[in-house]
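Work through the exercises below with the sequence and the model open. Each task is followed by a solution in steps.

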Amino acid sequence: MNQPDGPQLVTYADRLGGDLPRLTALLEGALAGAFAGVHVLPYYTPYDGADAGFDPEDHAQVDPRLGTWSDVRRLSGSHTVMSDVIVNHVSARSARFQDVVARGDDSPWAPMFLTLSSVFPDGASEADLARIYRPRPGLPFTTMVLGGARRLVWTTFTPDQVDIDLRTPQAWDYLTSVIDALTDAGVTVLRLDAVGYTGKEAGTDCFMTASTSTYTQRILDLAHARGATVLLEVHGHHTQQVEIARTVDLVYDFALPPLVLHALHARDLEPLRAWLDIRPTNAVTVLDTHDGIGIVDVGPSDLRPGEPGLLLPDQIDALVEHIHDASGGTSRLATGAAASNLDLYQVNCTFYDALGRDDRRYLLARLVQLVLPGIPQVYYVGLLAGGNDMELLEATGVGRDVNRHHYSPQEVEQALARPVVRAQLDALRLLRDHPAFEGVFTSSVAGTRATLSWELTRDGATHRVGLELDVQDSSFSLRATHDGEERTVLDESAV
């Protein structure tokens, strides 16, 4: 099994570089030495569907506008490649589902797709329907005509994304073909998208059920047999991440972004300190992703009433308002009822705008992420310190598009010249190269000050990297040993 090693870039091929060959050239050129791996967001046919590729019509085919499987294989020769396995759904325009639309139950693919009666064959009560957990308002059903009959099709996210039934051999034939296509092209890390919603069971909330664990283990077995590692993508209460981490290869540390923002806005390190005591170490750390900034990950449990979160409700309310204020109100226009892509648990904003485009605080936030144990992923907009793309939001009406800018080659070149971007790249290269990160991590917090450090003693030499910071004034110093001497690598003067 191939374990990912070192920091990773997260990007769309079309929005940074333009296609797979040019993305590879950028990673081997201007970004050389910064990233050991890359998570290429959906590049399947089509990559520009209703949900930016997360609604594939053909999940086992590279969109020819972006390249070929040979291009993916070429990239995997120089970098660990992570790709998405979209487990919960396919596009309503996929060939399999369109056959069901035309032929209804006479289609051989009919069992693969979930309807209301698939889970509730005897009908559903009001209590059954009210219990179903969904990340957006309303019920997860869309009325469609299948083979001439009106049916309630299960659509957890949007009417363009039709849920599949993992109790059926058709679904597993499909998923196995997807995993085979990816691993045959050299992909060694599979990110399971929306897997928490796969276990629909009557009498449950249909989220992270016992069936979900069974399906996840089956995918783990398929991946491991092909030499691949699995990353589980689940937004939820922080205790769920801790529990899930014991059973899978990798989980996200989705609690980190709001805790870092809270620390910098409220000048309060205590919630972050508490999380450091219990967080999983087999974690992929993020500040920003292609989605919004998660709030549910630090809040009280929606599914276990009375179980508190890492932040109190008042702290969460204050954090959301801090983000909206720091972004000049632009995040408010992209979040919730203001935008068509209505996620109940996220604030749509670039991380740079969430900190008021303050280079000093932004670099400090990135350094905290990079120094903590785990595999850091840096989103392309965050790497380039991008602000909210209000023109794209206005054009699409999709809230998350504020954080999905299309960079031209000229914009990339200009961004790479900025001190805050150069400093992030310097820190990433240190993380890849310094032996201290193979050692022991320790942390200490006292009031508004913290020290995060790594130390390794080998062959009589002591290697150390340490980040000292104070959230009161966002001062920091990143120090590292070189040739036996410790010196400052980065501090606030870098920006």
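The model is predicted, so local features need pLDDT of at least 70 and side-chain atom pairs count only at pLDDT 80 or more, while totals for chains, interfaces and linings use all residues. Residues are numbered from 1 along each chain as its sequence is written, and side-chain values use heavy atoms, with hydrogens and water left out.

**Exercise 1. Compare the radius of gyration of the protein chain with that of a compact globule.**

Step 1. The radius is taken over C-alpha atoms, and the globule rule is 2.2 Å times the number of residues to the power 0.38.
Step 2. For 495 residues the rule gives a value near 23 Å; the protein chain has 22 Å, which agrees.
Step 3. Along its principal axes, the C-alpha trace spans about 75 × 50 × 45 Å.
Step 4. Buried residues (under 20% relative accessible area, 1.4 Å probe, protein chains only) make up 59% of the 495.

**Exercise 2. Find the residues with the most contacts inside the largest nonpolar core.**

Step 1. A nonpolar core is a set of buried Ala, Val, Leu, Ile, Met, Phe, Trp, Tyr and Cys residues joined through side-chain atoms within 4.5 Å.
Step 2. The largest has 144 residues, and Tyr43 and Leu469 have the most contacts inside it.
Step 3. Apart from neighbours within four places in sequence, Leu469 is in contact (heavy atoms within 4.5 Å) with residues including Leu269, Leu364, Val368 and Phe476.
Step 4. A second, separate core has 9 residues, among them Leu250 and Ile375.

**Exercise 3. Check the length of helix H11 and sort its buried and exposed residues.**

Step 1. Helices are DSSP runs (H or I, at least four residues), numbered from the N terminus.
Step 2. The expected span is 1.5 Å times one less than the number of residues. For the 14 residues of H11 (313-326) this is 20 Å, and the end C-alpha atoms are 20 Å apart, which agrees.
Step 3. Ile316, Leu319, Val320, Ile323 and His324 are buried in H11. They cover an arc of only 135° around the axis, so they lie on the same side of H11; the arc is that of the directions from the axis to the C-beta atoms.
Step 4. The face turned away from the buried side carries Asp314, Asp317 and Asp325, which are exposed (over 50% relative accessible area).
Step 5. Packing partners of the buried residues include helix H9 (256-266) and helix H12 (330-334).

**Exercise 4. Is Thr209 buried or exposed?**

Step 1. Thr209 sits in the loop between strand S10 (189-193) and helix H7 (210-225); strands are DSSP runs of E, at least two residues.
Step 2. With a relative accessible area of 8%, Thr209 is buried.
Step 3. Leaving aside neighbours within four places in sequence, Thr209 contacts Gly199, Glu201 and Thr204.
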